[in-house]
Amino acid sequence: MTHHWPWWLGGLALAGVALTHWFVLGRQMAVSGRFTAIVNRWRFGAPDAGARALQNASRADLLAAIQAATHAEFGAQEEASNAHASSTRTSESDGTALAALAPSEPSAAPVSRVRTLAEHAVFLGSLVLGGLFSALLAGSLELSLAPSGEIFASLFAKTPGGGALVLLVGGVLVGAGTRMAAGCTSGHGLCGVSRLQPGSLLATVAFFGAAVATAFVLRVLS
Amino acid sequence: MRHLFKRSDPARSGDHNDPTQLACPHARGCEMFELLRAAGTLKTWQIRYCGGNYHSCARHQMSAQGKPVPPNLLPSGQLLRFAGGDR
Amino acid sequence: MSTLLRTSILGIVLGFALSRIGFSSWDEVHRMFTFESLRMFLAFVVGVTLLTLAWPLVRRFSATPPRWSARPIHRGTLAGGLLFGVGWALSGACPSIALVQLGEGQAAALFTLAGIFVGNWLYSWVHERYFRWSAGSCVDD
């Protein structure tokens, strides 16, 4: 029987990893979003090359591109109205805000970096490695084809293929549900709830509630 | 309680026809919005795309379809292009 | 340090922690949901509590104000959460766990993983076809 961490160590670890994720990767930790990104790449193709150019654009190029686009959309009237507006508003809106964003760096765009498919694949693959190291440490590394767990086995392993079917169906619900709710236990449960985000609070209550109810139903059925 | 929800209706506190009112529920987090604001050209875009007819914004449309929104997508549906070429 | 290397380190650390805590064990997760064992639930509560205290400090001491995406309630929040909860109780796995289980040698997690991709894809198709609402922002991966 594998020895697991006590509750306080687990809590420390969860918070620690979430914080580390922010400091090291510059984003809130959210795993289901990576699955979504992979499926999006598959369904909708690679992001437009201009997305990367946007990240790397210099201040001057950025301003020029935006002004060109604005002119194309609204015509010359835009420049006149902007000139008027600039003189009556704060410096925030006359282009110097761009300078304030990144005075010395070539990239001036205040946009999130679009992550590559490789990054997502590496993260997911690294989760596998994490599990591997954990099992090695606990001495419980064991390639098992049958779904693990005594309770699981007593519930589903009686019918051949029953266990696999439950995992598959459960997985489909997890995949669909996390995309629909736009988050999972890491994104909503840990990061969203701790930031008191309304969507995360509702989603977390919903998924914990549903999980508890389902678990009791399984127990009753067994 | 309503502030918990995405604002899907026009700004409660202002005149719906006031072109400077932000009706689009995404405006606060929209990166293109910030980009245009930083470049000083926000107002005309905002009037056309972030007010009452925000449904015409290409970014909002893609997001509502569950598609990834290209960071360089303008509300008009055009993509921002750079003089130096795509690096 | 390259982005890929940093990404990998985070993935390993997260996977390791989830496994050590017990989230990759179907039985342990089931015990959590039936309140037979409060250990993992407590770990979750402690983690959230620590983060609730930490984020404002992070914001306060950040050189530039961090931009964290809003997570408002939208039309998919409740239904999606419920679906996910049922799936989690059935499979014992949330998305990251399926991968951690693979690392531990639980080959059956391949079914879970396949299901997650299929489910995500299916929902994407359904939403594009029949739904018109966004999850709250246009910033995406």
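Trainee: Does A:Ala51 count as buried or exposed?

Mentor: This is a predicted model, in which local features need pLDDT of at least 70, side-chain atom pairs count only at pLDDT 80 or more, and totals for chains, interfaces and linings use all residues. Residues are numbered from 1 along each chain as its sequence is written, chains are lettered from A, and side-chain values use heavy atoms, without hydrogens and water. Buried means under 20% relative accessible area, exposed over 50%, and partly exposed in between, with a 1.4 Å probe and protein chains only. Because its relative accessibility is 3%, A:Ala51 counts as buried.

Trainee: Which residues does A:Ala51 touch, not counting residues up to four places away in sequence?

Mentor: Contact means heavy atoms within 4.5 Å. The C-alpha atoms of A:Ala51 and A:Val114 are separated by 7.4 Å, although the two are 63 residues apart along the chain. With that sequence exclusion, A:Ala51 touches A:Val114, B:Pro71 and B:Asn72.

Trainee: What is included in the cover of the buried residues of α3(A)?

Mentor: Helices are DSSP runs of H or I with at least four residues, numbered from the N terminus. Helix α3 of chain A spans residues 49–56 and contains A:Ala51. In α3(A), A:Gly50, A:Ala51, A:Ala53, A:Leu54 and A:Gln55 are buried. Their cover includes α4 (59–74) of chain A and α1 (31–39) of chain B.

Trainee: At the start of α3(A), which residue's backbone nitrogen does a side-chain oxygen of A:Asp48 reach?

Mentor: The side-chain oxygen of A:Asp48 lies at the start of α3(A). This oxygen comes to within 2.9 Å of the backbone nitrogen of A:Gly50.

Definitions and conventions:
Helix = DSSP H or I, 4+ residues; strand = E, 2+ residues; numbered from the N terminus. Polar contact = N/O pair within 3.5 Å; in protein donor to acceptor, adjacent residues only side chain to side chain.
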